[in-house]
Amino acid sequence: MIIDKIEVFVCCPGRNFVTVKVTTSDGVYGLGDATVNGREQAVVALLEEHVIPCLIGRNAHDIEDIWQYLYRGVYWRRGPINMAATAAIDMALWDIKGKVAGLPVYQLLGGKSRKGVTLYAHANGENIAQTLDNAQKHADAGFKAIRLQSAVPGLDVTYGVLGDKKDYFEMQGNRPLPPEEAWSTPKYFNMITDLFAEARSRLGNEVQLVHDVHSRLTPIESARLGKLLEPYNLMFLEDASMAENQDNYKLIRQHTTTPLAIGETYNTIWDCKDLIQNQLIDYIRVAATHAGGITALRRITDFASLFNVKLAPHGAPDLSPVCLAAHMHLDIWAPNFGVQEFVGFGNDDLRNIFPHSTEVVDGMAYLSDAPGLGVEFNEEAAKAFPYKRSYLPVSRLEDGTMWNW
């Protein structure tokens, strides 16, 4: 099973996706996701100029050795670009191994720990009423966990809540520079408890509730928020504050019993090691694409299990269906799995480019027994959606100060 060819494809069916296809001398191929939002071409350059030439001729079955080679074999370790390139190769090799074995990847990991994967849906709105209307639709569809995000009154745009406005990527039009939006912590606090008080009144106590702060608060503000939300029994509070200084979470933890989740911007086990082993978080939200693939995320998951931390992988729309498939296989295997973020399977164009057979029933995902990851890639369909340079927004305080704690 010699690696004979590795190709990189970039397409934009609403979002940019970097897809890696590894083909062996036997004609078996596997797929991986290397998308880093706003830096897609940087990953492409790393793959084409440095990673691919080093892998041609190697044994595709040697997943662990290739992972170690890509991580330890370079002086410049870690970082989102390097780890996304590593992740894509790793996913593709697991996909190949599953196809050769005739087994889905979760069987190679050790088999199922559960019958299906519990998902949490997103309910967004221009105001609290609209958010809760959308939440009710998810609850009626059978979702047992829902993330609530409402626009902040007095701010033109609230990150993560666009409502009927154009998508961030559409908003950039022919001038693809990062959009900028204002943030006000006082205005946010004026709204947030009303959102969850009304949510509990309307949805009851059976639905698990999640909220994403998007790292917009300082640690002490996050502690205050966690304490304010305790009466509403959240499943978890996500990205309450940035944790580049991981001691930040000691401050948050000592003030609130609201469960905490973080990790979508992390690239290795070292980024979350202290948070996990000191039990400062309850859910680890690393993404396979950004943290080194299935091999790395399995290692993080096992480590987290020693400290009662559950797996809740990132599932934003800028991660491709290949990454979602990798998460699903890890989720259904991991004994310490918690919940999977889910924003749907995308538009018709995306589903046509990445055909798959995963089904969602009553808020749970059920994997097929297709060998490998169970996702295909339609190269011809992808050609109709060329790369478009685009960015997520920049956050500033109302006085113009750059802000993202």
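Where does Asn308 lie? The views below answer that along the way; everything shown comes from a predicted model.

**View 1. Asn308, in a loop and with a positive phi.** Asn308 lies in the loop that runs between helix 11 (293-305) and strand 11 (310-311). Its phi is near 60°, which is positive even though the residue isn't a glycine. For background, most residues other than glycine have a negative phi. Asn308 also counts as exposed, because its relative accessible area is 62%, and the cut-off for exposed is over 50%.

**View 2. Asn233, another loop asparagine with a positive phi.** Asn233 has its place in the loop between helix 8 and strand 8. Here phi is near 50°, again a positive value in a residue other than glycine. With a relative accessibility of 53%, Asn233 counts as exposed.

**View 3. The buried face of helix 8.** Zoom in on helix 8, residues 219-229, and you'll find Pro219, Ser222, Ala223, Leu225, Gly226 and Leu229 buried. Looking down the helix axis, these buried residues fall within an arc of 165°, so they line one face of helix 8. The general rule behind such patterns is that an α-helix has 3.6 residues a turn, so residues three or four places apart point the same way. What do the buried residues of helix 8 pack against? Their partners are helix 7 (185-203), strand 8 (236-238) and helix 9 (248-253).

**View 4. Helix 7 alongside helix 8.** The two axes come within 10 Å and cross at roughly 20°. That angle is under the 35 degrees cut-off, so helix 7 counts as roughly parallel to helix 8. The crossing is right-handed. On the helix 7 side, the contact involves Thr185, Tyr188, Phe189, Ile192, Thr193 and Phe196. Helix 8 meets them with Glu221, Arg224, Leu225, Leu228 and Leu229. Sorted by type, the residues of this contact come to 7 nonpolar, 2 polar and 2 charged.

**View 5. Helix 5 packed on helix 7.** Helix 5 (residues 128-140) packs with helix 7 at an angle of about 35°, and their axes are 10 Å apart. This crossing is right-handed. Helix 5 brings Ile128, Ala129, Thr131, Leu132, Asp133, Ala135 and Gln136 to the contact. Helix 7 brings Met191, Asp194, Leu195, Glu198, Ala199, Arg202 and Leu203. The residues of this contact split into 8 nonpolar, 2 polar and 4 charged.

How values were computed. Residues numbered from 1 in each chain as written. Predicted model: local features only at pLDDT ≥ 70, side-chain atom pairs only at ≥ 80, totals over all residues. Heavy atoms only, no water. Buried < 20%, exposed > 50% of the residue type's maximum accessible area, 1.4 Å probe, protein only. Helix = DSSP H or I, 4+ residues; strand = E, 2+ residues; numbered from the N terminus. Arc of directions from axis to C-beta. Contact = heavy atoms within 4.5 Å. Axes fitted to C-alpha atoms, helices over the stretch in contact; angles between N-to-C directions. Parallel < 35°, antiparallel > 145°, perpendicular 65-115°, else oblique. Left-handed = near helix turned anticlockwise from the far one by under 90°. Nonpolar A, V, L, I, M, F, W, Y, C, P; charged D, E, K, R; others polar.
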